[in-house]
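Here are a few exercises on helix packing and sheet architecture. Have the viewer ready and try each task before reading its solution.

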Amino acid sequence: MPKQLNIDPTKVRQPGSVKFTDIPINQYNQTIQAEQANYSKEDFLRIFRDMAFIREFETMLNLIKTTGQYRELAYDYPGPAHLSVGQEAAAVGQAYLLDSNDFIFGSHRSHGEIIAKGLSAINKLTDDELHQVMREFFDGAILNVVEKAAASDSIKDLAVDFLLYGALAEIFGRTTGFHRGLGGSMHAFFTPFGIYPNNAIVGGSAPIATGSALFKKANQKKGIVIANIGDGSMGCGPVWESFNFAAMDQFRGLWEEGFNGGLPIIFNIFNNHYGMGGQTAGETMAYDVLARIGAGITPNQMHAERIDGYNPLAVIDAIRRKREIIARNEGPVLLDTLTYRITGHSPSDASSYRSKEEIQAWEEQDPIKAYQHELIAAGVADEAEFDAIQESVKATMLHVYKLAIDEQVSPRMDLKANPNAIGELMFSDTKQEKMEDRPCVTLTTKADNSRVKQIAKKVRVAEKDGKPVPKARMYQLRDGIFEAIIDKFYSDPTLIAYGEDNRDWDGAFAVYKGLTESLPYHRFFNAPISESAIAGSAVGYALSGGRVIAELMYCDFLGRAGDEVFNQMAKWQSMSAGVLKMPLVLRVSVGSKYGAQHSQDWTSLAAHIPGLKVVFPTTPYDAKGLMNSALAGTDPVIFFESQRIYDIGEMFQPDGVPEGYYEVPIGEPDVKKTGTDLTILTIGATLYRALDAAKILEEKYGISTEVIDARSIVPFNYEQVIASVQKTGRIVLASDACERGSHLKDIAQNISELAFDDLDAPPVVIGARNWITPAHELEAFYFPQPEWIIDAVHEKILPLKGHVAKTNYTKNELIRTQKLGV
């Protein structure tokens, strides 16, 4: 899209060929003797110890799941345990060089990565730093447990207990876990050590880790990001979208000096040859050698290579070399880390899809035993020293296990004492003007922005002196959104915005017109047509500490980002027990005129998912005020906008839209027109058809109608609606969402319960037909019209004298359509 990138037909139509370079496979060949120049005896033994901790931790979990006890201490754990026995060298190797500034994201099989990264961080932090981390995390709740039971005065030893206990207590669902037991086995993490969320969705960490790397790049932060995902995830679209997003040419060619260069991310694929029971190479994939994938993403083939994940030193060597590549701003990087899980996908997996001989062959090359034998053979340590390490590891693990299963020491969340404990964690409900306190990088002052100057000349109401203001001179809904967004760009230095066709094009609907001239590329850029990567990377950017506005051009594209919105954006605040914040606004445009796949109102889908705030402003005043509120908070907000009314003016605020800053509270509906006989509650652009219906009802039938605009869908304060129903006794609810499954049905049910004694008739819900959206010329037969509302009032609430209904609202028709599924 940028004009400086000229596409020359003479060049692109020239014949030629694409050349590839050889992909290294298992090239590490150093001996222990040679590596003694790089590692001390203490280093060699720490690597062994770390692998032993992972093996014992997972052996414990496997025994609990299969025998109900560990070291003769019984415990019933019904939750998941996706084990990585056999993959210890890969985990320890990738973590060895990393410190707390380096972030790792993992999968459902990430106990090993958590332990390895935590132990690496503990080794590098000072005693004072460690004690501060432990003391400040959840006000010392975990520290208090391990400190009271400590067998040593060593802060490092205490920190090891803290790490293992915090992880195990989390897995067992205890309030002394890393996030109070709300994440569990597949979602455990500990950000002070650079251990970021692990993900139960296969490949789910790829777009989130990409967003975290984007945060580091756009905000010039130290460290790298590693996405630890499995070979099974190579079949997942969001992973491929993430590879491409992380490798976009603009990072190198268009971003400004100091911010340019590839994203600092390694996609580290733990290639254990299986995606559950499907064997990847040879059965469910086509790549033969996974490292080949990089050649399809970038000319440098993502610096891809296959490494021997059964040798911790080979993995360390690879991470060291790949870190150097990232330091040269040449990321992203792809690593095919060859490994094998001896255990099944989970303890209930009988491994019927692989032979005993295959498992035995890998067991005979056990990475821990092999590493031990090599160290003994090289004279680094003797058998007795390894035995002592193993005994120490087992003693520590038993000690931690006893603490984690003790109901008194490690209680579960008491939902009897506080039934709302989880509910209180669903949203942070905090305001934070800026995520960091530093200057904002911009290209111009806000006052010099041409759009700002243009808007300053506009009339901020729809009518002036009793006459409609021409659209060219009128302050429009899109202007309200723009004003809120550009204000935040000049106050929060971490704020970035991106989506399809955002820069230069100004966004598909001109909301962003003028932003390009004010903002550098690293704060405002075009994303590929990759809705999963757009939404998922925004999640990673936000939970890493930044504020972000991501855009999906059409509401219909939510399906392409379903997991990232419904499983990731919605859940990480609560699953982290408030450790993480999610200052993310996802702009979603509800279309019209473009048929079945570009004109759907899916607000009800978003409203159904706990953890999302959902708003849908329909006036310039509300659009600006709600966007200000969304950008002031630290919760994820889906910000729906209707393409029908981007150009509408302010009709309800006599003084127009204020030039200065103000907020419209999220969750508060607003009365747009007062009345005494009937209430109409609307979501979205249906407001204006409801107002047309109200005018007809009053002028033709004498029905004084109150019209309320929901403005917000989640949360929603019913007090004003109930007060209206208590006055009118009747209510119609209308939106452009399909009637079946509409969130308005939930609202209607709640109104029935809250105002049962005040209602003269049941609430009536009107929505779009349960069809595909037809062509624009037929939309009046599909979306609610003023006549539909009047017919519904006549047929279901209050007969209107002389009215003849054209819409069939009879009970027989309802039964017929439901029987047909339409």
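**Exercise 1.** Is the crossing of α8 and α16 left-handed or right-handed? Work out the geometry of the pair as well, bearing in mind that the model is predicted.

*Solution.* Start with the handedness: α8 and α16 cross in a right-handed sense. Next, take the angle between helix α8 (residues 155–171) and helix α16 (residues 383–405), which is about 45 degrees, with the axes 9 Å apart. Angles under 35 degrees count as roughly parallel and 65 to 115 as roughly perpendicular, and α8 and α16 are therefore oblique to each other.

**Exercise 2.** Which residues make the contact of α8 with α16? Sort them by class.

*Solution.* From α8, look for D161, L164, Y165, L168 and A169. Their counterparts on α16 are T396, M397, H399, V400, Y401, L403 and A404. Sorting this contact by class gives nine nonpolar, two polar and one charged residues.

**Exercise 3.** What is the strand order of the open sheet of six strands, and which strands stand at the edges?

*Solution.* Reading across, the order is β4-β3-β5-β6-β10-β9, and the pairing is parallel. The edges are β4 (195–198) and β9 (305–308); each has a single partner strand, so one side of each lacks a neighbour in the sheet. From one strand to the next, the twist averages 25 degrees.

Four bridges join β9 to the parallel strand β10 (residues 333–338), and I307 stands opposite T337 in β10.

Notes:
Residues are numbered from 1 along each chain as its sequence is written. This is a predicted model: local features need pLDDT of at least 70, side-chain atom pairs count only at pLDDT 80 or more; totals for chains, interfaces and linings use all residues. Side-chain values use heavy atoms; hydrogens and water are left out. Axes are lines fitted to C-alpha atoms, for helices over the stretch in contact, and angles run from 0 to 180 degrees between N-to-C directions. Helices (H or I, at least four residues) and strands (E, at least two) are DSSP runs, numbered from the N terminus. Angles under 35 degrees count as roughly parallel, over 145 as roughly antiparallel, 65 to 115 as roughly perpendicular and the rest as oblique. A crossing is left-handed if the near helix is turned anticlockwise from the far one by less than a right angle, and right-handed if clockwise. Contact means heavy atoms within 4.5 Å. Ala, Val, Leu, Ile, Met, Phe, Trp, Tyr, Cys and Pro count as nonpolar, Asp, Glu, Lys and Arg as charged, and the others, Gly among them, as polar. Two strands pair if DSSP finds at least two bridges between them.
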